[in-house]
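Work through the exercises below with the sequence and the model at hand. Try each task before reading its solution.

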Amino acid sequence: MSRARKPGPMLQSRLGRGAALARLALRIGGRYVAGSPRLIFASVERRGELRHELALRTADDVVEELGSMKGALMKLGQMASYIDEDMPQTFRSAMARLQHNAPPMTPELASSVVVDELGDAPERVFARWDPLPFAAASIGQVHRAITREGRAVAVKVQYPGIARTITSDVKNVALLRRVAAAAFPGLDTRSLIDELGERLREEVDYRLEAENQEMFAGYYEGHPVIHVPHVVPELSTARVLTSELVAGSRFEEVLEWSQPERDMAAETINRFVSRSLYRLHAFNGDPHPGNYLFHGRGRVSFLDFGLTKHFTDEDLAPLADAVRFLVIENDGDGFRVSLERAGFLRAGAPVPTSAVVDRFGLFYQTVFRDAPMTITPAYASAIVRRFFDAKGPLAPYSDVPRAYVVLQRINLGLYAVLGSLRATANWRRIAEEIWPFVSGPPSTPIGEAEARWEQQRQGQGLSLDRTA
Amino acid sequence: MMEPLARAYEHSVAERPKDGGLFGPGSIVWRVHRDRSFPLAAIRSLMVQALHPLAMAGVAQHSSWQRDPFGRIAATAGYVLTVTYGDTAAAESAAARVRAVHTHVNGTDPVTGLAYQASDPELLLWVHAGMVDSIVHVVQRYGRSLDAADADPYVAETARFAEIIGVPAARVPVSVAALREYMESVELRQITPAASEAIAIVLDPPGLDDESRDLWRDLGQVAVGTLPPWARSMYGFAEPPPELLERAPVRQLIGALDFAFESLPGVLEARERIELRMRE
């Protein structure tokens, strides 16, 4: 929600102007536009796609490639792409090009990081070590290995020197603001840049990610369709993260699967989002499809917890109330009060409650009716467009509180993913199963399996729900 | 403003060159001329070069400068990149074209009343020296491709630039000290209205929106901070505050602009072609 957006005509003239600096990146035209704009951040997961011939050979190369603001700006663009709908197609594709082309480390450089972090060369730390990475990560790369105990693992190795340069880059808030203002005119970038700084500082310390991943892995242990790989703590440090290796199909492949398979995959992703939010009070704030691997019949592995956001009870209560008032109790005034409590809407704004319901109700469209509904790409982008329409009467009175910036990305990212899958489900029934204030009965085969899993866990006293 | 530069970059670095060109992938010139601080060096070059009234008059009176300053700058950048990374034939024909154009560039500078010819080796040497001195200064200070030990060999390598445009080899300085000594020895250095106007456009290009202008002005301030004191005082610029000139924030500023530049079509690919040939 970009409440500070300037009026439309002005925005347009600014975009149409011939000479801008950083924003040139936004206007490179249709040449590189990817088919599914939201999906281009999928990580490069095929070894052959990595540019080994351009590999980074020294820490100095790394700093040249990703330091001096480049890594930070790439991240900023990625975050902004979730909340800025005006120009992102070209911008996202430009970013994807840069990200896609980010070269890997040479085997020697990657090995030197492992030596620094785990005390010995990877060939000795692990029973087997693949010196060539199989995937790129935002500030590192991922190698396959087999531990001495015989476990197949994915080892994420951070670029040397990147932590220091990124930490220093995000401190240059003045420059980031200028670049953001030039790149995203009309968007209130202050909270975005605060969030960027916080996220990047977290992201450079893999121990935090390991902790978050373990929390999710523990919570979803034994779940029938949701799988989160466990971390191998003794082989993980601030710059090396070792977790179970997962094999599965990539999102691009799933798009070719039968519709029932895609529906089930979508249902699982949707359940993962809702359940993590409402029952675990946490979410992986990077909902891009490169973070999913698919195994058929609705089974999905969730990877990459570098952007996990935890919600307090206070953060979550008004959101839960809003949904309850709007969808269950059909109480517009209650809905409005919840939004005001959360900080989305200024209290006492001189606008009718019907307008509030119309505007903010958008996010709840899929759960309004107790009926099957298909989410198409057109629907997903229409929602987002309407959501960001700055001409509405509420614009002067609305805001995105800091605590919810990531949540916004989750929601928009989720719509995009479900839209790409053209998924059909009775989203309302599924949501009711998970909403703690309803705890409805299972409504699908996956829901039934999930209910059995929950019973089992409760039987063993294992439930980790924060609201159980 | 950046698009013409991006196109120049793309076209100057051929996909299938016939040979390694005048310098070759192992040269210091190749390494230095792809440094990300290059745009800053270019701004400083223009500011220094413009302080020779006859060189400035030639540009102001004859080139497309008035109509399209950034197109003109991109053309110069394309020339430098072609001579650097193009094959021998491309470099030589680019130089021949420039020499041919220069034969028509003659006139009288309105300020000094002196006649000039663009093909005058003394003017060409001044322009060459302004470029090389700026690259040495800026890349050493804000780049990563030129350490102190390589500075003299770099200046010596670049002598080819001067020679192919018509400066006798014996006149070209081949060390940093000789280069600076030469520049200090040039007596005809002064600010003219043409130079002031030209540099005002470079430092504050028309058509930028507010946010982009702030970024570009910061870069211009850094360029001012890198000028030799005599040049800065001719322009009447105050010395920028030292914190603006620190290496880390300047590299961040350069990096941000370079990020935008690199995302334009063709730039990344051209850079990769250079990198791959240097690794062969």
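## Exercise 1: an exposed loop residue

A:Ala247 counts as exposed because its relative accessibility is 68%, where exposed means over 50%, buried under 20% and partly exposed in between (1.4 Å probe, protein chains only). This is a predicted model: local features need pLDDT of at least 70, side-chain atom pairs count only at pLDDT 80 or more, and totals for chains, interfaces and linings use all residues. Residues are numbered from 1 along each chain as its sequence is written, chains are lettered from A and ligands numbered from 1 in the order in which they are written, and side-chain values use heavy atoms, with hydrogens and water left out.

Task: place A:Ala247 in the chain and give its distance to A:Ser301.

Solution.
1. A:Ala247 sits in the loop between strand E6 (240–244) and helix H11 (251–254) of chain A. Helices (H or I, at least four residues) and strands (E, at least two) are DSSP runs, numbered from the N terminus.
2. In sequence, A:Ala247 and A:Ser301 are 54 residues apart; in space, C-alpha to C-alpha, they are 9.0 Å apart.

## Exercise 2: the sheet

Task: give the strand order of the sheet formed by three strands of chain A, and find the strands at its edges.

Solution.
1. The order is E5-E9-E8 (chain A), in an open sheet with mixed pairing. Two strands pair if DSSP finds at least two bridges between them.
2. E5 (226–227) and E8 (292–296) of chain A are the edge strands; each has a single partner strand, so one side of each lacks a neighbour in the sheet.
3. E5(A) pairs with E9 (residues 299–302) of chain A in the parallel sense, over two bridges. Here A:Ile226 stands opposite A:Val300.
4. E8(A) and E9(A) pair in the antiparallel sense, over four bridges. A:Val300 is the bridge partner of A:Phe294.
5. The hairpin of E8(A) and E9(A) has two residues between the strands, and A:Arg297 takes a positive phi near 50 degrees there.
6. Four of the five residues of E8(A) are buried.

## Exercise 3: two helices

Task: describe how H13 (residues 313–328) and H14 (residues 332–342) of chain A pack.

Solution.
1. Their angle is about 165 degrees, and their axes are 8 Å apart. Axes are lines fitted to C-alpha atoms, for helices over the stretch in contact, and angles run from 0 to 180 degrees between N-to-C directions.
2. H13(A) and H14(A) are therefore roughly antiparallel, a term for angles over 145 degrees.

Definitions and conventions: Angles under 35 degrees count as roughly parallel, over 145 as roughly antiparallel, 65 to 115 as roughly perpendicular and the rest as oblique.
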